[in-house]
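Here is a short tour of some charged pairs, a helix and a surface patch, written for someone who likes to check the atoms directly. Have the coordinates open as you read.

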Amino acid sequence: MSHAGNSEQGIGNSVDARSQDVQVVTEIAATTSTAAVKPKMTLAEVRAKLDGKSGKRYWKSLDELADTPAFQELMQEEFPRQANAGEWVDSVSRRGFLKVMGASFALAGLAGCTKQPDEPIFPYIKQPEDLVLGRPMYFATAHPFPTGAIPVLVKSDAFRPIKLEGNPEHPMSKGKSDAFTQASLLDLYDPDRSQHPRFRGEQSDFGSFQQEFAKAVQDTKTGAGVVFLSETITSPTLAAQWKQISTKYPAAKLVQYEPANGDAGRAASKAAFGDYYDAQYKLQDADVILSLDADFLGGIGFPGFLPVSAAWAERHRFDKDKTMNRLYVVETNPTVTGFKADHRLALKPSEIDAFASALAGGSGSLSDPDAQKFLTVVLEDLKKSGGRAVVIAGPQSSMAAHAAALAMNSSLGAVGKTVVYTETVAAIPSEQTADLKALVADMNAGKVQWLVMLGTNPLYNAPADLEFESAFNKVPNSVHLGSHLDETGFYSTWHINKSHYLESWTDARAYDGTISIVQPMIDPLYGGKSAHDVFQVLLDPSLSGYDVVAANAKTYIGSAKGGGGDFATAWRKALHDGWVEGTAFEPKTLTAKTMPAAPVTPVSGVEISYKTDSSIYDGRYGNNGWLQELPKQVTSISWDNAALMNMDLMGKMGIEENEAVELTLNGRKIIVPVLMSPGHPNDAVTVTLGQGRRAEAGRVAAGVGFNAYALRTTDAPGAQSGLQIARGKGFYDLCVTKVHNIEHRGKFAQQDLEHKKFDTEGTYSLAGHEAQERSIIRYATVAEALANPNYTHEGTASGNTTVNKVGYNPQGEAPEHDDSFYPDAWRYDHPEVVGAAQKVLQNKWGMSIDLNSCVGCNACVVSCYAENNIAVVGREQVKIGRIMQWMRIDTYFEGDLHAPKAHFQPMLCQHCESAGCEQVCPVGATVHTPEGINTMVYNRCVGTRYCSNNCPYKVRRFNFLLYADYDTESLKFQRNPDVSVRSRGVMEKCSYCIQRIEAVKIDADKNNRAIEDGEILTACQQACPTDAIVFGNLNDPKARVTKLKAEERDYQVLADLNYRPRTSYTAGVFNPNAELA
Amino acid sequence: MAQVFDRSSNALARASLVLTGLIVIALGVALNSLQRSPWVTRQGQRPDQPVPFSHKHHVEGLGLQCQYCHTSVEKSSYAGIPPTKTCINCHSQIWTNAQLLEPVRHSWATGESIQWIKVHDLPDYVYFNHEIHVNKGIGCASCHGRVDQMPLMYQQNTLQMEWCLNCHRNPGVNLRPTSEIYNMSWAGPSKDKPVWCTASPTSGPTAQGVSCVTKDPENNNPEVALMGGKPLGNLRGMNLQLFDGRTSSDMPVIAMPASYVKFTSQIDLGHFLQDKYHIRTANELSSCEVCHR
């Protein structure tokens, strides 16, 4: 394969062994899976199905839509793919199995008769003053990210960081967080982290590096030939250090490079304003929003994701007295932003440029009539709003999109209202791709003696046309500061192990400019160094990271900013609060130069579009098990990446899903499996960056997916035309989690179906048209919701919501309370408890999830991982449906393959009142609590899995193998001490974060008071950037959750089963434009 | 051919059937008692500790209060094992050369922990919380026994789930006034040694809600005199039924002398405290999630 070839060429023979590994991991082996080879239905057939008699239909995957016999067969299983997979994925012979079992029975027998071993206690010598063992402490810091730091509160148990939460007092984030931030905790404990500096492959120490580097640079006098290649610098202190270095060594250079660098936006800003500025969008004031390929609801890859998505969601809540915002999205790759939009237009990259220039030009003519109509309607809607509109371009939008956004926003009068321009979050803004190109030219010319890479990994992610590797080999001294001995670190002369941000001092700017001091939570686990330490080698090596940050902080903290008071107090306050007051950017008053928008004509032919991965960004989180396993937004791919294309292109080429194809662009080739992406534009292929790491990247990242950087070039970092696709490279079974949670049920309930011809056997229910007929997803347009506020329970004329069409229960979904098959044993309003004035209000826990606000960003899922010690199971186990996540985001597509709608529904244990699981457990391992929670008693569970079979929501997870890592020391530090680590053979599921409930209950009981509303936040609720999840006491009439559940739009999923779930959903409301309907 | 089995084989066969049954039953009984035996539960065992620390000497002999060492018992799930510093506070002055204390001095000098062996060791899936127990009127001795009479620490109770549930299903039997939590010799009220309790009319943290005395508050008890106000004589020996089901808010809030109720049995006191301390119902207390997460 191509990468292997590259690495051998440049690096020479010394790394033979590694190269071998390299070959293995980048190869996509052809599988012999017969299921994948079976021909599916053609496009025409799929269309016929969709256009059939039924107007509405929901579906989750192409397989399901195609409804092949193979799929039907799969769905006959209660748990598709689990049952036939056997215990182990790799086959173990019967004899081998018996041997293993014999041994484990013997051990189990022995273990049963042995006492617990003696457990030692290691008390402190001198206990730290503020430490109360058993009580966590919280410290404020921030997660540095190139688009702006995310302020966090670190939950620290005996000084081990065990959970990250958003900082609720921070003016920008207001306590919200995102998937990357949540998962960055696991990076700290990553067992593959580099543990010591290396020099030419041998263990070394930082002192030797200091000596050699300082001396070498001193000898150059001017610093000529010394180049720092850094990540985007958002730390004011690091920028100040660089200033000192460039004063001392004027010839030294700094180049910043990130693969996802937002160059286009900066170039557009420079063209319009003459300098670099960031745009901050204020969506709370925007009635009409147009996004030009900006995925602003997808994650912190979009600068200001937290405030922007929160403001969008707030304005997208339905309230009959308020104007709901309307979002139009023009994009290539279907993203969560596109599917949350009221109108989405799928265009290939060059068509987006044409659209953007036509938009900026005020009219324009597009060849595609649909796009032209969209453009006309959007333009009119934007203009109608009277300045309460905004056009958004994101870090991955093209230059044309940015130029159009700038021009439109100023002509709409949006500047100063819905968008403001400020200084850049990047302390030293630059056009990174151009800078890197110049650097490589210098390297090739032999002008670079010392290449110091601060946290970057160019051997992996530099644009392919630069041939960075051969340039790299011409640099005599390369230094790599990195958390892992990655592709670059392995081949560098020097490797310095980088400290994690939870281990080191630095500072960082959030998106709004607010500076946070990043303080260490724990002594560096492996004595790592930060970029500050490396810069300081050339300045004053005796100063530590703390010294430089504290010294530089004097320029922005306290009296220096006119805040009064002494520095020490202000410094302590900044550390305590997690941000420095008065450091937010002031909006600039700028006038954009009017640029004539040159009309762009779309290119013909197949285009490739590069996007960062919604789970691992540009590859930096590649070795993070939580994120690798996280099903990606929209596609639900876990552990892989695929070439995403639409059915038309697949049909034209004759490609099947899961088929590996060869993509050729400018003579460079990669082999990629294909996944059908509903709503993807024609003649375009989207690939995500960041996968296909080599063996050096670590045990999780290595060998996963394919490397799209191998095609990406400097002149077209976003998209390029001229892609060729060749078939015949075998099959690759992609790991997609979608079909795992489809519930099986019998023919019995099938009789009521209106469209039973699609499902003649009655084999599956949660997906398919039943999702609509059984009203798993309910929504209405604003007009419908205003006409009938109770549409959630009465249905809508358009069929967006149909209620009580199908079900087990003769009364539909509203059985009388007494109709329960089981005696009404559990009441939660015992008069002797609730009635007495002095008694504490009895708790009755419940949850409400707003489907209007949920953007499917996955932050909740990762937060749940960290809070509940959920195990990572690995690709092969995920593929057979054994993923352990307690909550998942179900994506239901609806309608036409080309322009589907999609609905996101977080699905977690519903805590049913008459739960099916409880009634079938033979050992009482899952029981009801007096507060209405369905709780698991792990030590009772014997693993019959009856409960899981009887759960219609499919939210129970079984430890088929010993998934929890009992051996790796560093991972043990991360675990939440208040949650059991589950062993093999045990069922587990969402507990509503029972440990958090109990902790607050104990505190409240101790003080003889009722629990206040909002005092208990579940981990998912706390992480949710759009406040879609609300948890609380249903017995408290003032609680938010009680009010939400009293709303007319509140509904339960599969209510007709009379399981009476405690979790309910608020039906969505869309705000479509009648002219586009 | 002669019979293979003699007639007596019938009896033998029957006997062996009975015997098998007996063996199965005996095995069951044996396993059951093994499960509850001190060998498994470690009840009463004294593991070899690095220092033969005597609670008897320090508590009974010197009168150290429990919280001098177990500092976090009121505010955390974990009562706390004292750091070496706590030992050194005194033992830098007294018994500075005692051979027994060598591990302590070694720890202090080298910074290595004294490696104790856990005596009260619950399984890892049990989330016991000291804080709520001591704040709700469960004394140390209720679970740990007369620690002040243990020269070497041992586990007084089985710490098995049935033992926990015995109390969680009927917490009244072990409740005591929070002022007596650390009193090792508290025995509960009896006919001979009654207890007089009063509840403050205002709500507040549990520990401050109730005060109890062991001397008759009528007979010029100094404890009561300090609180100001002479108790109402007619409350003496009043029928406790009146108080059952009533909450403190039902009492007049006007400044009235503390009214004491006399208790002569633990059952009555338990009911009184259950009400005043707002102990959750047995149903709630014995729910699984209370200990298992």
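In this predicted model, A:D287 and A:R315 form a salt bridge, with their closest N and O atoms 2.7 Å apart. The pair links distant parts of the chain, 28 residues apart: A:D287 sits in the loop between β10 (278-281) and β11 (288-292) of chain A, while A:R315 belongs to helix α12 (residues 305-315) of chain A. Both A:D287 and A:R315 are buried.

A second pair is worth a look. The side chains of A:D293 and A:K611 meet in a salt bridge with an N to O distance of 2.9 Å. Here A:D293 is in the loop between β11 and α12 of chain A and A:K611 is in strand β21 (residues 607-611) of chain A, so that distant parts of the chain, 318 residues apart, are linked. A:D293 is buried, and A:K611 is buried too.

| Salt bridge | N to O distance |
|---|---|
| A:D287 and A:R315 | 2.7 Å |
| A:D293 and A:K611 | 2.9 Å |

How many salt bridges does a search of the whole structure find over all chains? The count is 57.

Now to chain B. In its helix α12 (residues 266-276), the buried residues are B:Q266, B:L269, B:G270, B:F272, B:L273, B:D275 and B:K276. They pack against β2 (195-199), β3 (210-213) and β4 (261-263) of chain B. Just after α12(B) comes B:H278, which takes a positive phi of about 50 degrees.

Finally, the surface. B:V18, B:L19, B:L22, B:I23, B:I25 and B:V29 form a nonpolar patch there, with about 580 Å² of accessible area together. One of these residues, B:L22, lies in helix α1 (residues 8-36) of chain B. Why does B:L22 count as partly exposed? Its relative accessibility is 49%, and partly exposed covers the range between the buried limit of 20% and the exposed limit of 50%.

Technical notes: Residues are numbered from 1 along each chain as its sequence is written. Chains are lettered from A and ligands numbered from 1 in the order in which they are written. This is a predicted model: local features need pLDDT of at least 70, side-chain atom pairs count only at pLDDT 80 or more; totals for chains, interfaces and linings use all residues. Side-chain values use heavy atoms; hydrogens and water are left out. Buried means under 20% relative accessible area, exposed over 50%, partly exposed in between (1.4 Å probe, protein chains only). Helices (H or I, at least four residues) and strands (E, at least two) are DSSP runs, numbered from the N terminus. Contact means heavy atoms within 4.5 Å. Patches are made of residues with over 30% relative accessible area and no salt bridge: like charges are joined within 9 Å, nonpolar side chains (Val, Leu, Ile, Met, Phe, Trp, Tyr) within 5 Å. Accessible areas come from the Shrake-Rupley method with a 1.4 Å probe; for residues, only the protein chains shown count as cover. A salt bridge is a side-chain nitrogen of Lys or Arg within 4 Å of a carboxyl oxygen of Asp or Glu.
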